[in-house]
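Below is a colleague's note for someone meeting this structure for the first time. Please keep the sequence and the model open while reading the numbered points.

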Amino acid sequence: EGEKEVEEEEEEEEEEEVAVKEAAPSGKSKRKKKGRPGLAPAPEPEAPENPRAGVRAAAPGGGGVRSASVVSEESQEEEDASEEDGERKIGLDRLLHTMHAELDPVETARKFGKEETVASQEPALLRLDVGSLSRRGVSHANEDRLAILEFTDLLSEGALAALLLDSRSRSMPFFAVFDGHGGGAVSEMASKQLAGNVASALEEILTAEGQVGKAATEQLPRAFEKGFQDTEEQAVAMHATGDRSGACALAMVMCENGGEYMLHVANLGDCRAIVARRDTNVHPAKIVPVHLTADHRATVQTERSRIEAAGGEVKDKRALGDLIPSRTLGDIKTKNKCPGAVSAAPEMTTHILTEEDSTIIVASDGLWDDMKVPKVMELLLKHPTPDTAAHAIATAVIKKYGAKNTKPNDDLTIIAVNLQWP
């Protein structure tokens, strides 16, 4: 089934490539035969009686000689074809660049982890290279947001001492994507408040219960749940002042204890997080996806059952007839129709990273609705740096729409995290 999906994907890509090339300005110039003005073109030379004469290569000591006119014409045809291919490629690149630029992309890069010195006696640590891209859909301002920050910057000295007791890295990178809808107010608020709310919740837990080291980091799922609850309360307050927006949210924090690196992932809605893992059992190189999240949509059976158990219904493939995602922040007007049907409680997962894990991708559904996961893995293999990978993935989505002479309507946000293992 996987091979069939890849073959269908390749056929689809070939069709898209042809269609985009046809849509792109080719820049092709019409070439005329050279000659003196007012004179008729020179007549074509008569074909030799022997059909092989004049076309075979010269043999040692004499024999048939390749016709100069044939050589010239074939060389000219090859030159013309090469020139036209180059002009068409330039035209396609310009078209994709223009379409991409028109959607106001914002790209960033950041690193986590320090460079090890040659004289260091300590084992080297994992370093992270991070690239991100966020751009709007064609019909509206960008309602997506993202957060990339150092989680330890939000904690007190006491909490840090407890959390980092067994950690050498002294770093806890935090990544989040917020897919807004109905406006960007809730996604904007959550991008600024969620991490701080999680940090405050973790502080309360550690102060009350006194865990340290790995036991302290194991409280992160509880802290995420409380942090999401507090962020939802802020969205309720915004609704009281007239805001009607909502957002899906996916956030994660990485921590290290005793040389083991773990991701704690909180998901609410239909953003996705995937780890690209190197498959060492095949040649040539290949990477395979490890899914860290499951979509929360009204059409998913487990979510439909949860909605119905709360007294709600799925109508027209939407929760309560309104929302495609079945878990969100905000959307208070819809939630008030049937409390509990559309939830603000995140689903928590954990993932222990291994040296086969090469890249983490966190993205809004503006990616996953338009590109299959195997294609994303293929682009990660071709573009090993996170900033170029994020740009290439976003451009591939543009190309898909360019094949239909349209532009994407949904916003797109991608965070790519390259794992630089020592």
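**Notes on the model**

1. Asp316 sits in the loop that joins strand 9 (314–315) to strand 10, where helices (H or I, at least four residues) and strands (E, at least two) are DSSP runs numbered from the N terminus. The model is a predicted one, in which local features need pLDDT of at least 70 and side-chain atom pairs count only at pLDDT 80 or more, while totals for chains, interfaces and linings use all residues. Residues are numbered from 1 along each chain as its sequence is written, and side-chain values use heavy atoms, with hydrogens and water left out.

2. Asp316 is not a glycine, and yet its phi is positive, at about 55°. Lys317 is placed in the loop between strand 9 and strand 10, and its phi is likewise a positive value, near 65°, in a residue other than glycine. As background, most residues other than glycine have a negative phi. Asp316 counts as exposed because its relative accessible area is 62%, given that exposed means over 50%, buried under 20% and partly exposed in between (1.4 Å probe, protein chains only). Lys317, at 64% relative accessibility, is also exposed.

3. Ala319 belongs to strand 10, which covers residues 318–319, and it counts as buried because its relative accessibility is 0%. With neighbours within four places in sequence set aside, Ala319 is in contact (heavy atoms within 4.5 Å) with Ala298, Ile307, Glu313, Pro325, Ser326 and Val342. The C-alpha atoms of Ala319 and Arg297 are separated by 8.0 Å, although these residues are 22 residues apart along the chain.

4. Lys335 lies in helix 8, residues 332–335. Is Lys335 buried or exposed? With a relative accessible area of 8%, Lys335 is buried. Leaving out neighbours within four places in sequence, the contacts of Lys335 are Glu232, Thr328, Leu329, Gly330, Val342, Ser343 and Ala344. From C-alpha to C-alpha, Lys335 and Ala319 are 9.6 Å apart in space, and they are 16 residues apart in sequence.

5. Ala309 is part of helix 7, which spans residues 301–309, and at 72% relative accessibility this alanine counts as exposed.

6. The next point concerns nonpolar packing, a nonpolar core being a set of buried Ala, Val, Leu, Ile, Met, Phe, Trp, Tyr and Cys residues joined through side-chain atoms within 4.5 Å. The largest such core has 38 residues, of which Phe151, Leu163, Met172, Phe174, Phe224 and Phe228 touch the most other members. Two or more residues of this core come from each of helix 3 (157–163), strand 4 (173–181), helix 4 (185–209), helix 6 (220–240), strand 5 (246–257) and strand 6 (260–268), and helix 4 gives the largest share, 11 residues. Another core, of 25 residues, lies apart from it and has among its members Phe175, Cys271, Val275 and Leu292. In soluble globular proteins, nonpolar side chains tend to be buried together.

7. Met172 deserves a separate look. Beyond neighbours within four places in sequence, Met172 is in contact with Leu149, Glu150, Phe151, Thr152, Leu163, Leu164, Leu220, Val253, Met254 and Cys255.

8. How do helix 4 and helix 6 meet? Their axes, which are lines fitted to C-alpha atoms over the stretch in contact, with angles running from 0 to 180 degrees between N-to-C directions, come within 7 Å and cross at roughly 135°. Helix 4 is therefore oblique to helix 6, since angles under 35 degrees count as roughly parallel, over 145 as roughly antiparallel, 65 to 115 as roughly perpendicular and the rest as oblique. The residues that meet include Ala185, Met189 and Leu202 in helix 4 and Phe224, Phe228 and Met238 in helix 6.

9. Gln219 is in the loop between helix 5 (214–217) and helix 6, and at 10% relative accessibility it counts as buried. Neighbours within four places aside, Gln219 is in contact with Leu202, Ile205, Leu206, Glu209 and Gln211.
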